[in-house]
Amino acid sequence: ISSQIVHLSKLQVLILNKNNIASIPSTIGRLTNLEHLNLEDNVLREVPESIGYMTRLKMLQLGYNRLKCLPETMGGCHSLEYLDLKQNQVKKLPEYICKLE
């Protein structure tokens, strides 16, 4: 993913599933109007800390990757309603997940 994506400041939906993406630029956190992010079926090993700045994010699809953990900053995603982590290697959900409304 190009770091230039941050210039799409009004973007609300970003679907990048099945693209063999190995990493997400930390600048993705600047997409503060994003409500739906689909990164399913890639080869991600981590999610950048900056994702916590996406306070309007409602749906986050991260299934079918290689994730082992999630950043603590995801607790900042106060609007999150749907989180898909199927077929990853996450063994323990962070405490903030239980605090999301």
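## Tyr64 and its loop

Tyr64 lies in the loop between strands E3 and E4. Helices (H or I, at least four residues) and strands (E, at least two) are DSSP runs, numbered from the N terminus. This is a predicted model: local features need pLDDT of at least 70, side-chain atom pairs count only at pLDDT 80 or more, and totals for chains, interfaces and linings use all residues. Residues are numbered from 1 along each chain as its sequence is written, and side-chain values use heavy atoms, leaving out hydrogens and water.

Tyr64 is not a glycine, yet its phi is positive, at about 60°. Tyr64 counts as partly exposed because its relative accessible area is 39% (buried is under 20%, exposed over 50%, partly exposed in between; 1.4 Å probe, protein chains only).

## Asp41

Most residues other than glycine have a negative phi. Asp41 has a positive phi near 60°. Its loop runs between E2 and strand E3 (59-61). With a relative accessible area of 36%, Asp41 is partly exposed.

## Arg30

Arg30 sits in the loop between strand E1 (13-15) and strand E2 (36-38). Arg30 is exposed, because its relative accessible area is 56%. Leu8 is 22 residues from Arg30 in sequence, and their C-alpha atoms are 9.4 Å apart in space.

## Glu95

Where is Glu95 placed? Glu95 is in the loop between strand E4 (82-84) and helix H1 (96-99). Its relative accessibility is 63%, so Glu95 counts as exposed.
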